[in-house]
Amino acid sequence: MDRNARGKGGRGGGDGRRAARWLVVLAWTARSSSAAKSARPAAAPKTAVLAHGFHLQAPNWDAVAWGDGGGRLGYAYELARSENAALLVVGSGASIHEETGESEGAHALRILRERAAAAADDALLSNAEIDDASQNTRQELERFAALCRARGVDRAFCVSSPAHCPRVARDAAVAFRDAHPACRWFVAPCETCFADAADVAVLEPPHRPDKPGVGLNAVANAVLQRSPAEQRAFVDFATSFLERLDEGE
């Protein structure tokens with residue numbers, strides 16, 4: 001055999017082995033780089049918090065809205081701080097302060113800025129937004145969901161009183177479904193309430209096969225669309241009907 005050919009073949013084999021080793025090193029480096037990227041923590045979600053409005057003419061406004069810091073305003077503020085929220089929204093426009101002429105949201109935010117311990121140099125409060133256009137809970141949640149979408153918010157908290165939370169959850173479910181379905185939303189009950197949560201009536205659509213539904217939720221929704229006078233007449237009729245049933249037992 002030609003020694004030159006054998007030598008060339010030997011050198012070629014060495015080059016091949018060196019190339020193979022480099023391929024292994026490159027593959028390992030690529031895997032290590034990929035693993036390092038996957039090990040990096042995911043970016044924190046952009047968070048927003050809504051302090052649900054409360055009618056300014058309610059006799060217990062201060063106790064419910066502030067309540068020594070555990071009411072809707074203080075609780076929403078502390079939640080926003082603890083969750084590193086980028087946005088705090090205060091509602092709403094459903095009532096006007098009789099002395100100052102401020103909207104419900106504007107008055108609430110002023111009270112929060114005056115009473116919050118860290119308000120002096122807090123960008124969260126300085127940049128807080130007022131929703132003074134909404135006239136009810138449904139509109140407030142619709143506007144909040146739309147704002148979250150416009151600001152690129154990934155996670156939203158809706159703070160309200162325990163007795164209000166079932167309605168907030170219902171309206172938030174519809175609002176975020178329609179305006180910002182990619183957002184994860186939560187309802188957070190504060191520490192104060194305007195009523196006992198046990199007195200709240202929850203009428204769900206029928207869903208259990210062992211308990212045939214009678215459509216109370218549809219009746220209740222229809223009654224709520226009526227005028228106050230018609231609602232009172234319905235309550236009188238229903239009360240009288242129930243009393244007759246009790247008398248017949």
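Figure 1. The model is predicted. It holds nine helices and five strands. Read from the N terminus, the elements run α-β-α-α-β-α-α-β-α-β-α-β-α-α. The protein has 249 residues, and 33% of them are buried. Take the contacts between residues at least 6 apart in sequence: 71% of these join residues at least 24 apart.

**Figure 2. The open sheet of five strands.** The strands lie in the order E3-E2-E1-E4-E5. Their pairing is parallel. Strand E3 (129-131) and strand E5 (184-189) are the edge strands, and each pairs on one side only. From one strand to the next, the twist averages 20°. In general, strands of a sheet pair through backbone hydrogen bonds, either parallel or antiparallel.

**Figure 3. Strands E1 and E2 side by side.** Strand E1 covers residues 47-51, and strand E2 covers residues 87-91. The two pair in the parallel sense over four bridges. Look for Val49: it stands opposite Leu88 in E2.

**Figure 4. Helix H7 against the sheet.** Helix H7 spans residues 165-179 and packs on the sheet. H7 touches strand E4 (155-160) and also E5. The direction of H7 makes about 165° with that of E5.

Figure 5. Helix H3 runs over residues 72-82. Which residues of H3 are buried? They are Arg72, Leu73, Gly74, Ala76, Tyr77, Leu79 and Ala80. Just after H3 comes Asn84, with a positive phi of about 55°.

Figure 6. Rolling a probe the size of a water molecule over the atoms shows where empty space is left. The structure holds one cavity of 30 Å³ or more. The largest cavity has a volume of about 50 Å³. Its lining includes Ala51, His52, Gly53 and Phe54. Trp61, Ala65, Arg72, Leu73, Gly91, Glu104 and Ala108 also line the largest cavity. Helix H2 (61-65), H3 and helix H4 (104-115) each supply at least two residues of this lining. By class, the lining has six nonpolar, three polar and two charged residues.

**Figure 7. The largest pocket.** This pocket has a volume of about 1000 Å³. It is lined by 26 residues. Nearest its centre lie Ala201, Val202, Leu203, Ala220 and Leu224. H7, helix H8 (216-224) and helix H9 (228-248) are the elements that give two or more residues to the lining. H8 gives the largest share, seven residues. How many lining residues of the largest pocket are nonpolar, polar and charged? The lining has 17 nonpolar, four polar and five charged residues.

**Figure 8. The second largest pocket.** About 410 Å³ of space lies in this pocket. Its lining has 19 residues. Which of them lie nearest the centre of the second largest pocket? Asn136, Thr137, Arg138, Arg167 and Asp171 do. Helix H6 (137-150), H7 and H8 each supply at least two residues of the lining. By class, the lining has three nonpolar, 10 polar and six charged residues.

Key: Residues numbered from 1 in each chain as written. Predicted model: local features only at pLDDT ≥ 70, side-chain atom pairs only at ≥ 80, totals over all residues. Heavy atoms only, no water. Buried < 20%, exposed > 50% of the residue type's maximum accessible area, 1.4 Å probe, protein only. Pairing = 2+ DSSP bridges. Axes fitted to C-alpha atoms, helices over the stretch in contact; angles between N-to-C directions. Contact = heavy atoms within 4.5 Å. 1 Å grid on protein atoms, 1.4 Å probe; cavity = no way out; pocket = protein on both sides within 12 Å on 5 of 7 lines; lining within 4 Å. Points joined across faces, edges and corners; volume = space filled by probe spheres on them. Nonpolar A, V, L, I, M, F, W, Y, C, P; charged D, E, K, R; others polar.
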